Structures are given as C-alpha cells and as structure tokens.
Amino acid sequence: MTRAKYAFLQTTRIAFVGAAALGLAACGGNERPTTELQSAQINTIGVNAFLWRAALDTVSFAPLASADSNGGVIATDWYANPSNPDERVKLTVTILDQDLRADALRVAASRQVSQSGRWVDAPVQAATVQKLEDIILTKARDLRRKALAS
C-alpha cells in the first residue's frame, strides 16, 4: 500500500469515527431535539431577525426614510406607483418583539391623492395593511424554515 493511499484511508477513518461520535452524542439523554432556534441565536439586533429581513424586503419598492434595527422601526418615504402618479403611500413597519409571532408586527400606511395639484390625505383600506402584514409574516416564516433546514 502506498503512503498516500494509507494517509487517505487514515483520514477517512478519522472522519468516519468523528461523524459517528457526533451522531451518537445527539442520541444521549432524554432531551428532545428542538425545532425552534432560540431568540438569542437569531438576534444580533433588537428585534426578530426574520421579521426584520422580511419587512425590509417587502417594503423595498419604496424609498427608505429610516430603519432602526434596535427599535424595530422601518419607515419609507412617499412612493407613487408610476402607473398611478396621482396617488402615493408611505409605510411604517414596527416590529414589537424578538419572537416570530403575528402580534409582533404592526404596519401603518398613509395615503394621499393629488387634487388640483395638492396632496390630500385619503383613507387606506384595512385590507391593504393586513395584506402587507401577511406578506411580511409569510416571508419571515420562510426565512426561518430555511435557517432551520441548514
């Protein structure tokens, strides 16, 4: 047997024994494996990292006015859809908790319409705000699933 082949077999054997030892170590005790990442493992900011990333991604169509990851507030500047320039919206997303829960997220929207060359406040449909919250929560859950899978 050549020296290179012997070294390869030894390295493979050590790697196999190490992998087996890690696998067996996970089997010990009565502890159940966790399916959730602890808040401390996913938060290097003041709020839930998955909600934060999902919120930033969701409002990325509008110009960002401010983003405070410690306070959990994302505010956009006014955004007018090019296909409807007589209407504009401004969003504020607030993340209230470090846990990924539906009640840890609040979206507020302001809407204005152009009348005679002036911007006038207009009502925002509640369904619009709810839809934005749903989109952010869905994206955050997908991000969490991907993090748990890897």
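Reply: Let us begin with contact, which means heavy atoms within 4.5 Å. Helices (H or I, at least four residues) and strands (E, at least two) are DSSP runs, numbered from the N terminus. This is a predicted model, in which local features need pLDDT of at least 70, side-chain atom pairs count only at pLDDT 80 or more, and totals for chains, interfaces and linings use all residues. Residues are numbered from 1 along each chain as its sequence is written, and side-chain values use heavy atoms, with hydrogens and water left out.

Me: With those terms in hand, which residues of α3 meet which residues of α4?

Reply: From α3, the residues F50, L51, R53, A54, A55, D57 and T58 take part. Their partners in α4 are L132, I135, I136, L137, K139, A140, L143, R144 and A147.

Me: How is the packing of two such helices described?

Reply: One gives the angle between the two axes and the distance between those axes. Axes are lines fitted to C-alpha atoms, for helices over the stretch in contact, and angles run from 0 to 180 degrees between N-to-C directions. Here α3 and α4 pack at an angle of about 130°, and their axes are 8 Å apart. α3 is therefore oblique to α4; angles under 35 degrees count as roughly parallel, over 145 as roughly antiparallel, 65 to 115 as roughly perpendicular and the rest as oblique.

Me: What is the handedness of the crossing of α3 and α4?

Reply: A crossing is left-handed if the near helix is turned anticlockwise from the far one by less than a right angle, and right-handed if clockwise. The crossing of α3 and α4 is right-handed.

Me: Where do these helices stand in the order of elements along the chain?

Reply: The chain has four helices and five strands, and their order along the sequence is α-α-α-β-β-β-β-β-α. Of the contacts with a separation of 6 or more, 44% join residues 24 or more positions apart.

Me: What share of the chain's residues counts as buried?

Reply: Buried means under 20% relative accessible area, exposed over 50%, and partly exposed in between (1.4 Å probe, protein chains only). Of the 150 residues, 22% count as buried.

Me: Which residues have the most contacts inside the largest nonpolar core?

Reply: A nonpolar core is a set of buried Ala, Val, Leu, Ile, Met, Phe, Trp, Tyr and Cys residues joined through side-chain atoms within 4.5 Å. The largest one has 20 residues, and L51, V93, I95 and I136 have the most contacts inside it. At least two residues of this core come from each of α3 (49–58), β3 (87–95), β4 (105–115) and α4 (126–149). I136 touches L51, A54, A55, T58, V93, L105 and V107, leaving aside residues up to four places away in sequence.

Me: How far apart are I135 and T58 in sequence and in space?

Reply: I135 and T58 are 77 residues apart in sequence, and 7.3 Å apart in space, C-alpha to C-alpha. I135, in helix α4, is partly exposed, with a relative accessible area of 31%. A second pair is D57 and K139, which are 82 residues apart in sequence and 8.7 Å apart in space, C-alpha to C-alpha. D57 belongs to helix α3 and is partly exposed, at 42% relative accessible area.

Me: What does Y79 touch?

Reply: Y79 lies in the loop between β2 (73–76) and β3. Setting aside residues up to four places away in sequence, Y79 touches F61, A62, P63, E87, R88 and V89. With 22% relative accessibility, Y79 counts as partly exposed.

Me: Which backbone angle sets S116 apart as a residue that is not a glycine?

Reply: S116 has a positive phi of about 55° although it is not a glycine. S116 sits in the loop between β4 and β5 (118–122), and is exposed, with a relative accessible area of 81%.
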